[in-house]
Structures are given as structure tokens and as C-alpha cells.
Amino acid sequence: MFTMASRLRLTRGQLIVRRSVMPQVCRCESCMCACSRVQVLSGRPVMCATRRSLRQLAQGSCYSLASTVTIRPKPCCSVCCGALGCGGLAAMPAQRPLGEGHLARPLLDVSRAELEVYARGQQLSWIEDPSNSDPRFSRNYLRHQLFPLLTARWPQAVNTLARTAGHLAEAQGLLDELAQLDVQAAQLPSEFPWLTLPSLVLAPLRDLSDARQRNALRYWLAPLTPLPDSEHWIGWNTLRDAKADAQPVWRLADGQLHRCNDRIWWVAAAWSEFSDTPLSWSRPQNPLQLPGNGQLYFSGHAPEGPLSIGYRQGGEVMEVPGRGRRDLKRLLNESAVPGFIRGRLPLLYQGSRLLAVANLARASIGQGDDWQLHWAPPTCDQGLS
């Protein structure tokens, strides 16, 4: 039992999360307890809501779950209920990132029976999760209905399935290593360094086989959005194979994948949540906060006022030194600005005169050595990705 004891010995400051733990069990000096209500969306599994809540709570902490060996084979047995890749069939890993922290399961190779023997021997108390006996949950159907049948016929079935899950986890690890190499090859700097949305160059991906493309995209998109099943990857093929001058969009659960200028961009659903109401800028010496759209500021001496900020409505025209009057649309095309960002680009007006487009020196009147208009789009923490 020495190994078991070493695994259960937690240092002060660590936080254990277990859905069966109640506050009264955590009244020891070295154990912290945080209770959080979880909102379960209609039609979504309870554990999805729990995982979402844990990600929000994780702030550099390590969460430990008391999952045992009997948990690991469940995804293998659940394959008949839905399409699962190696990652799904491999069940839960012993450790993985969780938000800004980590999630650990140090007892995955320990059986529930062994854990109970140890707990009784150490005179530990625990509370059973009442949902563990509810047959409506698939995990309980597997535990109480399917596993007894399997072990009656094949006594080593659970351990065998657990080993299979381990092999699949190893295979998924190798796929992730390959995907990481492929993604790194496509993460070349864009010509718009101020646009910090996740993006990849399309050409290196095109050189890969279809299966390897999907593997790289799954790895890249996994932290950003739930992924489609194997039957719905036609959206990627359509985006990849569209004509060079097209700007196709692949809509996913939590956002959209755009293709612009032989580069793919991830745009989270929250990107559209901003106000395009015009704003006056009475103190241009100070940065201007744009509702839901980041911040504007000048470098150098700001032009004379009155200054205001607006957004594209269509048909804008501006005077460009040495070129005369030019349509704003043409200037944006010349700068190869991605289509999805054009409606969010702040426009600087001097009275009714269009003076400049933020971050685009060539689309301005007088913007140059004397002053520059800079736009810092919202960061990832503010909801863009």
C-alpha cells in the first residue's frame, strides 16, 4: 500500500475535485473546498457543463480526480453510441492541461476495490455520489449492466480494455506529435502583425495527405472549438479547394474558419459582438476605447479636430496624396486586408472627411512621418479566440 499512500499524499495548497466529495468531508486543516454551481445547457451532457466550469476555475492550480481503472474502458465500450477517434477511445489521460492549470488522475491504474480496501484500512470516510446508481447515465449502465456480463465471461476484460485504452492513448500521442510538426510548419508570420487571431498558411497544409491535414487541423482547432465528426469534414475540402480569389467560410460550433489570401484564420463567434456606433474623439492625445473592438491611439502629433471614429457603410471615398480620389474598397483590396476584418477596421474622420484607416498607412491623408493611427484589436482574453 506504499504506492497508494504516496499517491494520496497531497501537499498543502493542492485542490482535489471529485463530484462525490461534499463540504463536510473537507474539514481538515490541509484541505480546501470550493463549491460551484454548474449550469447545464438543455440537451448537453452534465459532464460537459462540469468540464466547462473547471476550465473557468483553473488559474494555475492542479485539480486531482479520483478516477480508477474501471473508468478507462468506458469509451471503448461506448464506441457503439457514436464515432470516436483514438483520443476518444483512449479514455481519460493521467494528466492534461485544464484552462491555465492542470488536471491529474493519479489513480487510473488502481481498481475501485483496491481503493476501498486502502480507505477502510486507513479509516477514511467518503460519501457516495448519488448519481452513481442512476441507470440513466451511460457510465452507470456500463458499470452496472455491461461490465458484470463482460467480466463473468472474460474475468480480465476490464484490465484488457484498460490496456487497449493505454495503447490508443499512446497512438494519439504520436498523432499529436506529428500534428504539432505540421502546424508549426504552417504557422508563418502574416503580413498583418497587429491581427493576432490564430492563423495558418494554407500551402504547407496542401502538401500533406488528406488524413494528415485533418490530423493537423484537429490538433490546431481542439482548444478553439468542438470538432465535427468524420462525416462533416466536407466543409474543410470546400474551403481548401475554393478558387484563389474566393473567400470561403467553414462554420464550426464556436466560430468560423475563413480563407483569405492563401491563409486560414480562426474567427471566434464572439468576434461579431461589437458596436459600430460612431464615436467622437475629443482628446486624441489619449487612447480611445472602442466598445467591443479594442483600442485606438496615435503615435506622433495627432491631426487637428474635430475627430471621430466610424466604420464602413459602403461607398466611402478618400483623397490619397499623389493618387487623387480612391474608393476605400479598392484601397483595402490593394492592401489585401482579409474580408472578415474590414467591417471592424476603425475609420478616422476629420469632420465629414475620411482621413485614415487604422493600421493602413497607404489608406490615409497625411498619415506618415508626422502621425500614425494604430488599432489594437481585442485580445484572446476579451473573446476573439
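The legends below describe several close-up views of a predicted model.

Residues are numbered from 1 along each chain as its sequence is written, and side-chain values use heavy atoms, with hydrogens and water left out. Because the model is predicted, local features need pLDDT of at least 70 and side-chain atom pairs count only at pLDDT 80 or more, whereas totals for chains, interfaces and linings use all residues.

**View 1. The chain as a whole.** The chain has 12 helices and 18 strands, where helices (H or I, at least four residues) and strands (E, at least two) are DSSP runs numbered from the N terminus. Of its 385 residues, 37% count as buried, a term that means under 20% relative accessible area, with exposed being over 50% and partly exposed in between (1.4 Å probe, protein chains only). Among contacts (heavy atoms within 4.5 Å) between residues at least 6 apart in sequence, 60% join residues at least 24 apart.

**View 2. The surroundings of Thr225.** Thr225 is placed in the loop between helix H9 (210-221) and helix H10 (234-241), and Thr225 is buried, with a relative accessible area of 3%. A polar atom of the Thr225 side chain lies 3.0 Å from the backbone nitrogen of Asp254. Leaving aside residues up to four places away in sequence, Thr225 touches Leu252, Ala253, Asp254 and Trp266. Of these, Leu252 is 27 residues from Thr225 in sequence, while the C-alpha to C-alpha separation of Thr225 and Leu252 in space is 7.2 Å.

**View 3. The ring pair of Trp194 and Trp375.** The structure holds seven aromatic pairs, for which rings of Phe, Tyr and Trp (its six-membered ring) must have centres within 6.5 Å, planes under 30 degrees apart counting as stacked, over 60 as edge-to-face and the rest as tilted. Trp194 and Trp375 form a tilted pair, with 5.7 Å centre to centre and 50° between the planes. This pair links distant parts of the chain, 181 residues apart, since Trp194 is in the loop between helix H7 (157-186) and strand S5 (199-201) and Trp375 in strand S18 (residues 371-376). Trp194 is buried at a relative accessible area of 17%, and Trp375 is buried at 2%. Ring pairs also link Phe192 with Trp194 and Trp375 into a cluster.

View 4. Phe274 and Tyr311 form an edge-to-face aromatic pair, 5.4 Å centre to centre with 70° between the planes. Phe274 lies in the loop between strand S8 (263-268) and strand S9 (279-280) and Tyr311 in the loop between strand S12 (307-310) and strand S13 (317-320), so the pair ties together parts that are 37 residues apart in sequence. Phe274 counts as partly exposed at 23% relative accessibility, whereas Tyr311 counts as buried at 5%. The charged end of Arg344 sits over the ring of Phe274, 4.3 Å from its centre, a description that requires NZ of Lys or CZ of Arg within 6 Å of the ring centre and within 35 degrees of the ring normal.

**View 5. Arg263 and Trp265.** Arg263 lies over the face of Trp265, at 5.7 Å from the ring centre.

Technical notes:
Polar contact = N/O pair within 3.5 Å; in protein donor to acceptor, adjacent residues only side chain to side chain.
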